[in-house]
Amino acid sequence: MGYWHKKVVVITGGSSGFGRSLAGRFAGSGARVIIAARNQEKLEAAAQSIAGEVTTRTVDITCDESVQELVDGILKDEGRIDAWINNAGRSNRGQAAETTSQEFSELLDLNFLGTVRCSRAVIPALARTRGHLVNIGSIASLIAGPHLGAYPASKFPLTAYSQQLRMELAPRGVHVLLVCPGPIARSDEDDRYQRQAEGLPAAAQLPGGGARLKQLCPDLLARKIMKACQRRKAELITPWHTKVLVAIAHISPRLGDRILNFYTRRG
């Protein structure tokens, strides 16, 4: 039996996209997977498409009470939580100077404070199992590219929050992993980027806002996350060469900007 056999793994935003890929990979490794999202119909469709032990729960991560009810319900039915993956969130397109404070507030509430709500609620349970708290960030958690609206500002706080949690929770046995991937390939893209990018360069309609990065295979990324958890790594940044860009940008912001502009399609 493997490491994940019969472990209880909770994935927010598990009804579509990368969340569903994560659920499939964990379930295939023998975990008891719980996918949570707002739309019950999409959750059921996702669960039926995954081979393995997968159950569904509805949750609104922008609501403290809904998150606490989710954690309490899982503990009542399952008795434990071994891994919690904060995956729910969404991207954005727009010029930062033209993005309203309301748009920033809404995306911060979902992409950052949603993670805070879930983490606060589940940490006591993870401390009992010496479990894993996984925060799915983005390359935009480390460096901000153009045309992404409020998205980088809503993802940057995850880096600080994960580092602080990592240091504070280590004595309690909780492993904290920050995942910062580039654009992830998905089969269920809609036209939201085209709508959001109206009036912006055509490249803004592309994944990653036009960054010249090959889209990551979701299944391969899921396997890397599982392995990083087993090794209790602090961060997973992929593709690897983005680490170099992030390091350069911190040493020389202007040089980092030039490199980032070079690697951003203008078409």
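Two strands count as paired if DSSP finds at least two bridges between them. Helices are DSSP runs of H or I with at least four residues, strands are runs of E with at least two, and both are numbered from the N terminus. This is a predicted model, in which local features need pLDDT of at least 70 and side-chain atom pairs count only at pLDDT 80 or more, while totals for chains, interfaces and linings use all residues. Residues are numbered from 1 along each chain as its sequence is written, and side-chain values use heavy atoms, with hydrogens and water left out.

The protein chain has 9 helices and 7 strands. Of its 267 residues, 50% count as buried, meaning under 20% relative accessible area with a 1.4 Å probe, protein chains only; exposed is over 50%, and partly exposed is in between.

Now the sheet. In what order do the 7 strands lie? The order is β3-β2-β1-β4-β5-β6-β7, in an open sheet with parallel pairing. At the edges are β3 and β7, residues 235-238, each of which pairs on one side only. From one strand to the next, the twist averages 15°. For angles in general, axes are lines fitted to C-alpha atoms, for helices over the stretch in contact, and angles run from 0 to 180 degrees between N-to-C directions.

Alanine 36 has arginine 57 in β3 as its bridge partner. To get from β2 to β3, the chain passes through helix α2, residues 40-48, in a right-handed β-α-β crossover. Right-handed means that, with the strands pointing away from the viewer, the path from the first strand over the helix to the second runs clockwise.

Further along, helix α5, residues 151-169, lies across β5 (132-136), β6 (175-181) and β7, at about 160° to β6.

Last, a helix pair. The axes of α8, residues 242-251, and α9, residues 253-262, come within 5 Å and cross at roughly 140°. That makes α8 oblique to α9: under 35 degrees is roughly parallel, over 145 roughly antiparallel, 65 to 115 roughly perpendicular, and the rest oblique. Contact means heavy atoms within 4.5 Å. Among the residues making this contact are Leu245 and Ile248 of α8 and Ile259 and Leu260 of α9.
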